[in-house]
Amino acid sequence: MTARILDGTKIRDEVFVELKGEIRALDASGIRPGLAAVLVGDDPASQLYVKSKIAACEQLGLASWMHRPPATITTQEMLQLVDDLNRDDAVDGILIQLPLPKQVDTKRVLEAVDPAKDVDGFHPVNLGRLVSGRPGLVACTPAGCMEILCRNNIAIEGANAVVLGRSDIVGKPMGLLLMHANATVTICHSKTRDLPETVRRADIIVAAMGKAGYVAAEWIRPGAAVIDVGTNRVTDAQEAARLFKNFPERLEKFRTKNSALVGDVHPDALNVAGALTPVPGGVGPMTITMLMSNTVKAARLRRGVPVASGSSSSSSSTSSNSSASSSKQTQTTTAR
Ligand code: NAP
């Protein structure tokens, strides 16, 4: 069996078309949603991430602002900047690119962001809303995973879902979203006993551990849906040979570049799973997509503009997560 590929790039393009329509409609009523990004220091990876987020804003017609404080900024100065952005009515979303320098109290800074503008969905108020199934802003990566499942008509209701990883930004919100969509959820972590046996029971597996190719193909029940969040850069030739034994083209590419991007799931899973997100090209493109969706949603919620049903910013992953409403959303999305 070769798994159906759950193409995140294709879904990103679909959502972008929908968001463009929403943004045009908001524009016609005098609202231009805007995202303010704060990038501290000169870390090249962070620069690249923020650049692609700003590029996505420009592509969609969202307003965007980039703030570039120096790496020597203090917690107080960061809090002042966040306060200014909270007060700026043109700003609907605030993105603090992580990591912040060591001297800055990251938790304090993230908690200072107005929950109404917390488009990363990291604020405890938004996490609390997610727990209790109330409308709020949901963390982008797990929201993107839900979008992939729903838009590919993967049945969630009643499914056994296993989430590998319990971080605040991926594992925990992912487990909650799946539970609200009526899956029976098991969340695993580094102390979980007999991981292979637990994974074997899963109809849906979401791997978010940060361990290249850790989930073996033999652990996966034939036909299961696999969402691979892991983004690991492999540079060791032996590891690449282990991972790409059955994928000579990928091994060849690794040899040319001396590196490759690999998920947490072994590439051999392609021959066991029923559906699978590739790495790269699966969950990755959806994270920025959901950031854009959250910015539009924040603009609507802040300004009291009702969210049009069926719109991208009202999708199953980012809207109310109450059990009843999620169940309804699952039905509508599976019919898409
Ligand atoms: P994280 O904060 O490091 O959390 C990793 C989680 O995996 C922890 O809960 C840890 O358990 C668990 N874990 C580690 N080893 C394990 C093992 N052997 N068995 C079971 N569980 C294990 O990572 P994260 O921020 O959630 O990110 C996870 C992965 O997703 C990373 O590869 C990251 O790069 C990727 N990611 C991708 C995107 C994207 O846009 N594609 C976005 C975010 C993250 P403990 O809690 O017990 O330590």
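Start by selecting helix H7 (residues 171-180): it lies across strand E5 (160-164), E6 and strand E7 (204-207), and runs at about 170° to E6. A quick word on labels: helices (H or I, at least four residues) and strands (E, at least two) are DSSP runs, numbered from the N terminus. Angles go from 0 to 180 degrees between N-to-C directions, with axes being lines fitted to C-alpha atoms, for helices over the stretch in contact.

Before moving on, know that this is a predicted model, where local features need pLDDT of at least 70 and side-chain atom pairs count only at pLDDT 80 or more, while totals for chains, interfaces and linings use all residues. Residues are numbered from 1 along each chain as its sequence is written.

**Stop 1: the six-strand sheet**

E5, E6 and E7 belong to an open sheet of six strands, in the order E1-E11-E8-E7-E5-E6, with parallel pairing. At the edges stand strand E1 (4-5) and strand E6 (184-188), each with a single partner strand, so one side of each is left without a neighbour in the sheet. Strands count as paired if DSSP finds at least two bridges between them. Zoom in on E1: two bridges join it to strand E11 (residues 275-276), and the two run parallel. Click on Arg-4 and you'll find its bridge partner in E11, Ala-275.

**Stop 2: zoom out to the domains**

Colour residues 29-115 as domain 1 and residues 139-285 as domain 2. These bounds come from an automatic or database domain assignment. The C-alpha centres of the two domains are 30 Å apart.

**Stop 3: the three-strand sheet**

Head into domain 1 (29-115). Which strands make up the open sheet of three? Select E3, E2 and E4, which come in that order with parallel pairing. E3 and E4 are the edge strands, each pairing on one side only. On average, neighbouring strands here are turned by 15° against each other, direction ignored. Helix H2 packs on this sheet, touching E2, E3 and E4, and its direction makes about 160° with that of E3.

Keep H2 (residues 44-60) on screen together with E2 and E3: the three make a right-handed β-α-β unit. Right-handed is said when, with the strands pointing away from the viewer, the path from the first strand over the helix to the second runs clockwise.

Next, follow the pairings of E2:

- Five bridges link E2 to strand E3 (residues 63-67), in the parallel sense.
- Gly-34 has Ala-63 as its bridge partner in E3, and Ala-36 has Trp-65.
- Leu-35 stands opposite Ser-64 in E3 and opposite Gly-93 in E4.
- Four bridges pair E2 with strand E4 (residues 93-96), also in the parallel sense.

**Stop 4: Val-38**

Is E2 enclosed or open to the outside? Four of its five residues are buried, so E2 is largely enclosed by the rest of the structure. Buried means 20 or more other C-beta atoms within 10 Å of a residue's own, exposed means 12 or fewer, and partly exposed is in between, with C-beta atoms placed from the backbone.

Pick Val-38, in strand E2 (residues 34-38). Val-38 counts as buried because 22 C-beta neighbours lie inside 10 Å. Leaving aside neighbours within four places in sequence, Val-38 is in contact with His-67, Leu-81, Leu-95, Ile-96 and Gln-97. Contact here means C-beta atoms, placed from the backbone, within 7 Å.

**Stop 5: the cores**

Select Ile-204, Ile-205, Val-206, Val-226 and Ile-227: these have the most contacts inside the largest nonpolar core, which has 89 residues. Domain 1 and domain 2 both give residues to this core, so it lies between them. A nonpolar core is a set of buried Ala, Val, Leu, Ile, Met, Phe, Trp, Tyr and Cys residues joined through C-beta atoms within 7 Å. Beyond its neighbours within four places in sequence, Ile-204 has contacts including Ile-154, Ala-183 and Ala-224. Apart from this core lies another, of eight residues, among them Ala-212, Ala-240, Phe-254 and Ala-260.

**Last stop: Arg-250**

Finish on helix H10 (residues 248-257), where you'll find Arg-250. Arg-250 is partly exposed, because 16 other C-beta atoms lie within 10 Å. Not counting residues up to four places away in sequence, Arg-250 touches Phe-244, Ala-260 and Pro-267. Arg-250 and Ala-260 sit ten residues apart in sequence and 8.2 Å apart in space, C-alpha to C-alpha.

Notes. Contact = placed C-beta atoms within 7 Å.
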